Amino acid sequence: MKQRALTIILLITPGRQQDLENYFNGNRQNITEAFGQSSLTHSAAFTILPSNAFQRLGSRLLFTSNYDGELLDYLRHLSLNLKDYLNNIWNYCRGYADGDIYHRQKFSQFIRSHSFNSSKFASALPGVTVRDISESEALCMEIDNILDSVKRGTKTSFQGAILPNPQNLTVKKNWAAGFFYTAAEYLAGIRKGLNDPSQHLRTNNNLYQEEDNFAQNRMAVIVPIKSEDHLRLLKLVFLLGNIFNRRTSQKRLGRISNLVTIHFARWTITDKGKNFVFEANYDGSWESYIDDFVDLVSQDMNCIWGNCVGFPRLGSGDIESFKQYIRQHQVPSQMYYMAYPNLTVRNILTNLSMTGLVPAYGNSRGIQRYLCGLYQA
């Protein structure tokens with residue numbers, strides 16, 4: 001089943017932002033539990049985007065979701081499990097009519113008219129559903145229980161089992177891709193050099209409170225795009241980048257942008273080309289995540305972020321300036337749901353490989369042989 005991304009942005013009714021924040025504060029746990037009733041949602045988040053006086057944009061509400069299957073099926077799940085909460089939340093925004101979610105056609109029309117297609121959407125484990133992840137974890141837990149019950153001294157062997165240990169890696173670009181990325185990096189305004197020693201990382205306390213509570217973290221960043229010319233270059237980077245990456249994606253299961261710590265990532269151009277939104281669900285700390293990005297895909301980041309206002313002229317290689325830039329434009333979420341918050345990409349890939357529930361990610365012959373050996377012993 002194909003994984004998809006849903007991105008919706010609505011203008012918050014003037015004077016209602018604080019009321020909306022209070023609603024999230026009072027109902028966060030209930031909303032999270034309601035999302036848990038949907039077997040199609042990998043992750044979902046509500047994020048209030050700050051107003052921008054320069055671009056004459058008021059405060060907006062961003063809703064993002066990573067889900068399985070077709071949009072209409074997913075909307076039926078939302079209207080079944082979260083209709084009252086979503087109706088209340090979107091009532092604080094313009095463009096939504098009270099009760100639309102209770103009418104299938106009106107709700108579908110609302111979603112389509114306020115959603116944005118991502119320039120790039122990536123999943124570490126394409127085709128793997130929430131159900132696959134849940135069932136493979138449960139089966140591996142059963143196997144662990146059997147192992148715990150085996151008496152000490154029993155000879156065991158995992159011969160034939162597939163136990164992957166994916167590592168971050170650097171995939172060499174072909175000469176055409178290399179030439180294009182180098183040219184795009186220069187056109188975006190990047191001039192590589194030494195780090196700027198004056199930069200010191202500062203972080204919003206709300207972001208600190210949101211991070212490192214589970215194995216997975218989430219980040220959402222919104223930045224303005226420099227100009228129409230940079231917007232065209234950004235679109236070209238995504239267009240050709242998708243073509244270049246398509247040839248190697250099947251060889252990098254469990255990885256996004258050469259990294260094995262990212263579950264989902266999306267890059268979306270919004271507000272008629274004025275802003276650029278990046279969102280990712282990743283494993284580990286924020287610091288290690290950014291460090292991996294800089295170590296492995298620095299040029300890619302320069303080609304994308306270099307087209308945005310305020311990006312360090314020296315590029316992402318100026319690590320402290322790059323980190324400060326991300327923190328400056330990162331926004332905390334008011335509600336974040338994860339279907340499997342304590343599983344990393346490595347955990348999921350290992351579970352799938354050992355159980356064989358998803359053939360493309362492994363088989364269970366080694367486990368079967370092992371369990372047969374236990375019973376015979």
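Here is a guided walk through this predicted model, from the overall picture to a few selected residues.

Local features are described where pLDDT is at least 70 and side-chain atom pairs count only at pLDDT 80 or more, while totals for chains, interfaces and linings use all residues. Residues are numbered from 1 along each chain as its sequence is written, and side-chain values use heavy atoms, with hydrogens and water left out.

Let's start with the whole protein. Its secondary structure comes to 12 helices and 8 strands; these are DSSP runs, numbered from the N terminus, with helices (H or I) of at least four residues and strands (E) of at least two. There are 377 residues, and 50% of them count as buried. Here buried means under 20% relative accessible area, exposed means over 50%, and partly exposed lies in between, with a 1.4 Å probe and protein chains only. The accessible surface is about 18,500 Å², and carbon and sulfur atoms hold 50% of that; such areas come from the Shrake-Rupley method with a 1.4 Å probe, and for residues only the protein chains shown count as cover. Among contacts (heavy atoms within 4.5 Å) with a separation of 6 or more, 79% are between residues 24 or more positions apart.

Now move along to helix H9, residues 286–305, which holds Ile304. Ile304 is buried, with a relative accessibility of 8%. Beyond its neighbours within four places in sequence, Ile304 touches Leu234, Val237, Phe238, Trp267 and Phe276. Ile304 and Leu233 are 71 residues apart in sequence, yet their C-alpha atoms are 8.8 Å apart in space.

Helix H8, residues 228–246, contains Ile243. This residue is partly exposed at 35% relative accessible area, and together with Leu236 and Leu239 it makes a nonpolar surface patch of about 250 Å². A patch is made of residues with over 30% relative accessible area and no salt bridge, joining like charges within 9 Å and nonpolar side chains (Val, Leu, Ile, Met, Phe, Trp, Tyr) within 5 Å.

Finally, the charged pairs. A salt bridge is a side-chain nitrogen of Lys or Arg within 4 Å of a carboxyl oxygen of Asp or Glu, and the whole structure has 10 of them. Arg16 bridges to Asp19, with the closest N and O atoms 3.1 Å apart; Arg16 is partly exposed at 31%, as is Asp19 at 34%. Elsewhere, Glu279 and Arg218 meet in a salt bridge of 2.6 Å, N to O. This pair links distant parts of the chain, 61 residues apart, with Glu279 in strand S7 (275–283) and Arg218 in strand S5 (216–224).
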